Amino acid sequence: MNRDVIIACDFPNRETTLAFLDRFQGGRKPFVKIGMELFYGAGPEIVREIKARGHRIFLDLKLHDIPNTVKKAMQVLSALDVDMVNVHAAGTVAMMKAAVEGLTRADGTRPLLIAVTQLTSTSEEALHGELLIGPSMNETIEKYASNAREAGLDGVVCSPLEAGLVKAACGKDFLTVTPGIRFADAAADDQVRITTPARAREIGSDYIVVGRPITAAPDPVAAYERCLKEFV
Ligand code: C5P
């Protein structure tokens, strides 16, 4: 298993992002996550630029649409040569299968494809009262992860505290990509279901996604290295 730390580059523009990545020149090139804010603000060119600098990229756009639209969009993202992309499992098995088809290049290769089961911002109360989903959060996560596996996806995004549940339902090779990571001696910020890099490793995360504990640290390179030391 190739455990790795993914830095969430939640910056508003190209300049801030590249200035941040400049700090890592000379050492290990971090795997980075580009989310909606940066992608919609800076456009696909930022992906090419970061890729050209030698970073692996998780493009976190969480696609959710009809199967044909997702397939076509995935063809475009695959051509951008990213390493990992995602969809909402709520889009159904048919949509996830279409995503795999769209992502797969002529030579048979494709980026890793993972699914969001339930957003960690969705409460059990909202799940039942607003979304009218009867089963519990854990049952829903287990079912959505199984659907993703059935569709041929590589894994799911989930809370590190749910990684064990997903591995038990879908097998140890099914990837768990987990945000919600904080150092033992740090503030939680707005995250609720959090754990440390070391504990995430014990529970079974394959990739931890770390934003502010690295991006807002006085020494981001040292914070990144601390994550690597605890997790990888
Ligand atoms: O700064 P922090 O470490 O909390 O950043 C976590 C990153 O992971 C952010 O980019 C956030 O949007 C993302 N994320 C999350 N929880 C999810 C899915 C994505 O925190 N369920």
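The ligand here sits in the largest pocket of the protein. Keep in mind that this is a predicted model. Here's a quick tour of the pocket, then of what surrounds the ligand.

**The pocket**
- The largest pocket has a volume of about 790 Å³.
- Its lining takes in 31 residues, with Lys33, Lys62, Thr120, Pro179 and Gln191 lying nearest the centre.
- By type, the lining splits into 13 nonpolar, nine polar and nine charged residues.

**Around the ligand**
- The shell around the ligand includes Ala8, Asp10, Lys33 and Thr120.
- Also in that shell are Pro179, Arg182 and Gln191, plus Val209, Val210, Gly211, Arg212 and Pro213.
- Sorted by type, the shell has five nonpolar, three polar and four charged residues.
- Two elements, β8 (207-210) and α10 (212-215), each bring at least two residues to the shell.

**Polar contacts and burial**
- Asp10 has a polar side-chain atom 2.7 Å from an oxygen atom of the ligand.
- For Arg182, a side-chain N or O atom lies 2.8 Å from a ligand oxygen.
- Lys33 also reaches a ligand oxygen, with a side-chain N or O atom at 3.0 Å.
- On its own the ligand would expose 470 Å², and the protein buries 83% of that.

How values were computed
Residues are numbered from 1 along each chain as its sequence is written. This is a predicted model: local features need pLDDT of at least 70, side-chain atom pairs count only at pLDDT 80 or more; totals for chains, interfaces and linings use all residues. Side-chain values use heavy atoms; hydrogens and water are left out. A residue is near a molecule or strand if one of its heavy atoms lies within 4 Å of it. A polar contact is a pair of N or O atoms within 3.5 Å; within protein, one must be able to donate a hydrogen and the other to accept it, and residues adjacent in sequence count only if both atoms are side-chain atoms. Accessible areas come from the Shrake-Rupley method with a 1.4 Å probe; for residues, only the protein chains shown count as cover. On a 1 Å grid over the protein atoms alone, a cavity is a set of points where a 1.4 Å probe fits but cannot get out, and a pocket is an open set with protein on both sides within 12 Å along at least five of seven lines; lining residues have an atom within 4 Å of a point. A molecule sits in a cavity or pocket if more than half of its atoms lie within 2 Å of its grid points. Helices (H or I, at least four residues) and strands (E, at least two) are DSSP runs, numbered from the N terminus. Ala, Val, Leu, Ile, Met, Phe, Trp, Tyr, Cys and Pro count as nonpolar, Asp, Glu, Lys and Arg as charged, and the others, Gly among them, as polar. Grid points are joined across faces, edges and corners, and a volume is the space filled by probe spheres set on the points.
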